[in-house]
Amino acid sequence: MTNSRWLLTWTLATAITVGGWLAFETYWRGQSYAPTVMDSFDLWSQHRARAVKSAPPLRLAMLGASRIQYGLSPAVFRDETHTLGLNVDPIMLAVNGHYPLAALRDLSEDDQFAGIALVGIDARGMDRNVWEMQAAHIQRYRHDWSPSREVHRRLLSRVQAYAIAARPDFALVTLIKRYLNSQGSPYKEYVTFERDRSGGTDYRKSDIAAIHTARVADLRNYYSMHTPPTPEAWLADMREVVRWVEKINARGGKVVFYREPVSGEHIELDEANFPRATYWDKLLPIMPALMIDFRDYPELNIATPDTSHIDIKDIDRHTRALVQVLKRKRVL
């Protein structure tokens, strides 16, 4: 085949591929779908590696579950601290649906970490029974993370940020299976996700009444199946966490425990099972870390439509308010 024919072949193949991709993107965007970065063990590991880079800037690890991951913006946090004349690198290490004490322990055992650990947690999340929820993420980081994985994950994140076709739920095989099983189109998420691992819950795109009902039902079910430890046993277990905090403090770092905003039935059920006076407040005298409860700060009392998470429109306000509280408490 002559060079001109090879060129024509490749040109046609490229045109067909690009045209097909554009048609695919146009169709699904017209159905109100949008590109989004997809979380993974590798994406978590990519950011975990940043937490132990040398300062400056000051490394601030955001640990927690969904209330941190979908409630704080690392970009806004960085900008707000910059206006205060500070050079801070906020790193999102929260994991949706997973309490974070395993991650705090991991940072305490890493001699390279000398930054700030901001831990979004409540008394239930300090129960020893849920300490290991993020252990799998740590295991993958410790044993599987590598330069080649970092290159792959960085490239994948950029593609996912702009292309619906890069989402696993829009893979051709997945779409065909859904069609053959009469499952219809993929689920329309009301949660957005960014390359920095932060997310946002847009309740305008959801059935908030149904989400509220399901959230409360899940929490009632959890408490009916899991009897809280006695305050004495809970506090005895927390003495081990005190030792983790002391390790970070000894390296010049700091730890902040932050009880994030919740409301309605959620706070009522939490108080019925883990009363603040006999759990959280009993930890204050022995914990060498700052402990912040949102109820003590009017600026942190932010609406949670599903009783557990703030709306995407309030993330920036929440982040700025928390920065100001941390400034007043001399954490930064």
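This is a predicted model: local features need pLDDT of at least 70, side-chain atom pairs count only at pLDDT 80 or more; totals for chains, interfaces and linings use all residues.
Local features need pLDDT of at least 70 and side-chain atom pairs 80 or more, while totals for chains, interfaces and linings use all residues. Numbering runs from 1 along each chain as its sequence is written, and side-chain values use heavy atoms, with hydrogens and water left out.

Start with the largest pocket, at about 1200 Å³. A pocket here is an open set of points on a 1 Å grid over the protein atoms alone, where a 1.4 Å probe fits, with protein on both sides within 12 Å along at least five of seven lines; lining residues have an atom within 4 Å of a point. The volume is the space filled by probe spheres set on the points, joined across faces, edges and corners. Of its 48 lining residues, Ser66, Tyr70, Asn96, Val191 and Arg215 lie nearest the centre. Helix α9 gives the most to this lining, with 6 residues.

The second largest pocket comes in at about 150 Å³. Helices are DSSP runs (H or I, at least four residues), and strands (E) need at least two, numbered from the N terminus.

Now for the outside. Leucine 180 sits in helix α8, residues 172-180. This leucine 180 counts as exposed because its relative accessible area is 61%, where exposed means over 50%, buried under 20% and partly exposed in between (1.4 Å probe, protein chains only).
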